[in-house]
Amino acid sequence: VLGEAARRLEAAGADAIDLNMGCPVPKIVAKGHGAALMRDPLRAAVIFRTIRKAVRVPFTVKIRGGWDDRSLNAPEVARLAQDEGVDAITVHPRTRSQQYTGRAPWDVIASVVAAVSRPVIGNGDVRSREDAAAMVRATGCAGVMIGRGALGAPWIFAAAAPDRDARARIIRRHCALIEAHLPPPLALVQLRKHLAWYSGGLPFGARLRQALYGASDAAGVQARFWEAW
């Protein structure tokens, strides 16, 4: 089934396939997916092999440091991935048990870099270009993946932080894209979430976020945000 799904993605035009073994969400883990695979490296290896045989495009995986502090097996899983032909490995160094709490232990990323010859992409607690440079220096990773650090701050990737007017234009463009590409009920959900993230640092941000989630339509959500902006 996995092989066929990967082939379909490739046939549909996917220029790469990524297997996410980093997701810690309970409903995903309960099905044996996501970070649950960190508990079963041999099963993960079979999945690597199956997908690698099915596609010719680059195949990458994302892993965690391990399932919990007693099973920090990221280097082992990374070596299995390399042996099965995975092209690159992204490492989020917290364990599944940590979820997103505490400081990301970048030394785990360094241990994976030392264990394999494939490119390793570091992830975790990168909230600025300076953080990204520090991760590369500390771990030797080939690249950096930014996730939560871009929520409410997509300009994190810019060479310099934009001014207030430029940020407002970016936010308006983001809202327009959400409404253009999503059906209204889902657009409302995403507008609430993203404008709540964009509200970080605004005066009375907590009160604003309550108002955003209390708005009943997309226009109302945006009106409340710009009143506070």
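The model is predicted, so local features need pLDDT of at least 70 and side-chain atom pairs count only at pLDDT 80 or more, while totals for chains, interfaces and linings use all residues. Residues are numbered from 1 along each chain as its sequence is written, and side-chain values use heavy atoms, with hydrogens and water left out.

**Largest pocket**
- The largest pocket holds about 230 Å³ of space; a pocket is an open set of points on a 1 Å grid over the protein atoms alone, where a 1.4 Å probe fits, with protein on both sides within 12 Å along at least five of seven lines.
- The volume is the space filled by probe spheres set on the points, which are joined across faces, edges and corners.
- Its lining has 18 residues, and Lys-62, His-92, Tyr-100, Asn-123 and Arg-148 are the closest to the centre; lining means an atom within 4 Å of a point.

**Helices α8 and α9**
- Helices here are DSSP runs (H or I, at least four residues), numbered from the N terminus.
- Helix α8 (residues 184-198) packs against helix α9 (residues 205-214) at about 170°, with axes 9 Å apart; axes are lines fitted to C-alpha atoms over the stretch in contact, and angles run from 0 to 180 degrees between N-to-C directions.
- The two are therefore roughly antiparallel, the term for angles over 145 degrees.
- In α8, Arg-192, Lys-193, Leu-195 and Ala-196 meet Arg-209, Leu-212 and Tyr-213 of α9, where contact means heavy atoms within 4.5 Å.

**Helices α5 and α6**
- Trp-106, Ile-109, Ala-110 and Val-113 of α5 meet Asp-131, Ala-134, Met-135, Ala-138 and Thr-139 of α6.

Notes. Angles under 35 degrees count as roughly parallel, over 145 as roughly antiparallel, 65 to 115 as roughly perpendicular and the rest as oblique.
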